[in-house]
Amino acid sequence: MGGPVGRGTPRFFGGWIPIRSLSRRHKPRILKHLLSLAPEDRYLRFGYPATDEQIERYVLGLNFDRDEIFGVFNRRLALVAMAHLAFSVDPQWATCAEFGVSVASHQRGKGLGARLFKHAVMHARNQGVSMIFIHALSENVAMLKIARHAGARVQRDGSESEAYLTLPEATLDSQLSGLMQEQMAELDYQLKNQAQQFRKWLATVQEIRQGVRDARHTVHKP
């Protein structure tokens, strides 16, 4: 499942992965990430072979006021992994949330899915959620492995499986840890954004310099 580490690969320090909360302005990057998934990956993520139109409707319908969407960006600010923590709209299940995740094919084997799940669990716990629910195809071995490793109870029903993870109540330590991780991820994102803007500026300067050189060469050409 893993791919070669190359250009655009996220850099992680000391095992820490910058996971950032996403907002409406990230919709284009979310859409680009999901559309880049291969047909079999779309099938595992959504439980059916989602078309481009269905993915577009999914992204359009994301509720950033109610739910939490997290992402991992590479140094060029391309979204390489994302998770959707959907909170229940039914008052009867107000303390429950559903988790879904997707990882770009060339970024697998690095534990991004597990890290996103762990981050979502901490966030859900701090929001008063008592149970996280995962609905996945039974053939989605990677997702079910993440759930089992976290201590979730997995029930299989033919081609589909359901996992339930009961969460402990939030503590001061979990809340401070969540706040610190969010601040560090925001700083990481801003640094990447500044680096990207600098690269664009540098490329423009280089183009201008090359244009000046070409112009000079043309003028002095006998």
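**View 1. An open sheet of seven strands, with mixed pairing, has the order 1-2-3-4-5-7-6.** The edge strands, each pairing on one side only, are strand 1 (20-21) and strand 6. Please keep in mind that this is a predicted model. The chain holds six helices and seven strands, and along the sequence they follow the pattern β-α-α-α-β-β-β-α-β-α-β-β-α. How many of the residues count as buried? Of the 222 residues in the chain, 37% do. As you look at the sheet, remember that strands pair through backbone hydrogen bonds, in either a parallel or an antiparallel way.

**View 2. Strand 2 and strand 3 pair in the antiparallel sense.** Six bridges hold this pairing. To find your place, look for glutamate 68, whose bridge partner in strand 3 is leucine 85. Strand 2 covers residues 68-73, and strand 3 covers residues 79-87.

**View 3. Leucine 77 sits in the loop between strand 2 and strand 3.** For comparison, most residues other than glycine have a negative phi. Is leucine 77 buried or exposed? Its relative accessibility is 1%, so leucine 77 counts as buried, the cut-off being under 20%.

**View 4. Strand 4 and strand 5 pair in the parallel sense.** Strand 4 spans residues 96-103, strand 5 spans residues 131-137, and three bridges join the two.

**View 5. Glutamine 107 lies in the loop between strand 4 and helix 4.** Glutamine 107 has a relative accessible area of 0%, so this residue is buried. Asparagine 74 is 33 residues apart from glutamine 107 in sequence, while their C-alpha atoms are 9.9 Å apart in space.

**View 6. Lysine 118 belongs to helix 4.** Is lysine 118 buried or exposed? With a relative accessible area of 61%, lysine 118 is exposed, because the cut-off for that word is over 50%. Lysine 118 and alanine 150 make another pair to locate: 32 residues apart in sequence, they are 8.1 Å apart in space, C-alpha to C-alpha.

**View 7. Strand 7 pairs with strand 5 in the antiparallel sense and is also joined to strand 6, again antiparallel.** Strand 7 covers residues 160-166, and seven bridges link it to strand 5. Methionine 131 turns up again here, with threonine 166 of strand 7 as its bridge partner. Five bridges join strand 7 to strand 6 (residues 153-157), and arginine 156 stands opposite serine 161 in strand 7. The hairpin of strand 6 and strand 7 has two residues between the strands, and glycine 158 in this hairpin takes a positive phi near 65°.

**View 8. Helix 1 (residues 27-35) has buried residues and, on its other side, exposed ones.** Which residues of helix 1 are buried? They are Ile30, His33 and Leu34. Looking down the axis of helix 1, you would find these buried residues within an arc of 95°, so they line one face of the helix. Pro28 and Lys32, on the other side of helix 1, are exposed.

**View 9. In helix 2, the buried residues are Asp41, Arg42, Arg45 and Phe46.** These residues cover an arc of only 110° around the axis, so they are on the same side of helix 2. Pro39 and Glu40 are exposed on the other side of helix 2.

**View 10. The largest pocket holds about 1100 Å³ of space.** Its lining is made of 41 residues, and the closest to the pocket centre are Val101, Asn140, Ala142, Met143 and Ile146. Which elements give two or more residues to the lining of the largest pocket? They are helix 2 (39-46), strand 3, strand 4, helix 4, strand 5 and helix 5 (141-149). Sorted by class, the lining has 20 nonpolar, 11 polar and 10 charged residues.

Key. Residues numbered from 1 in each chain as written. Predicted model: local features only at pLDDT ≥ 70, side-chain atom pairs only at ≥ 80, totals over all residues. Heavy atoms only, no water. Pairing = 2+ DSSP bridges. Helix = DSSP H or I, 4+ residues; strand = E, 2+ residues; numbered from the N terminus. 1 Å grid on protein atoms, 1.4 Å probe; cavity = no way out; pocket = protein on both sides within 12 Å on 5 of 7 lines; lining within 4 Å. Points joined across faces, edges and corners; volume = space filled by probe spheres on them. Nonpolar A, V, L, I, M, F, W, Y, C, P; charged D, E, K, R; others polar. Buried < 20%, exposed > 50% of the residue type's maximum accessible area, 1.4 Å probe, protein only. Arc of directions from axis to C-beta.
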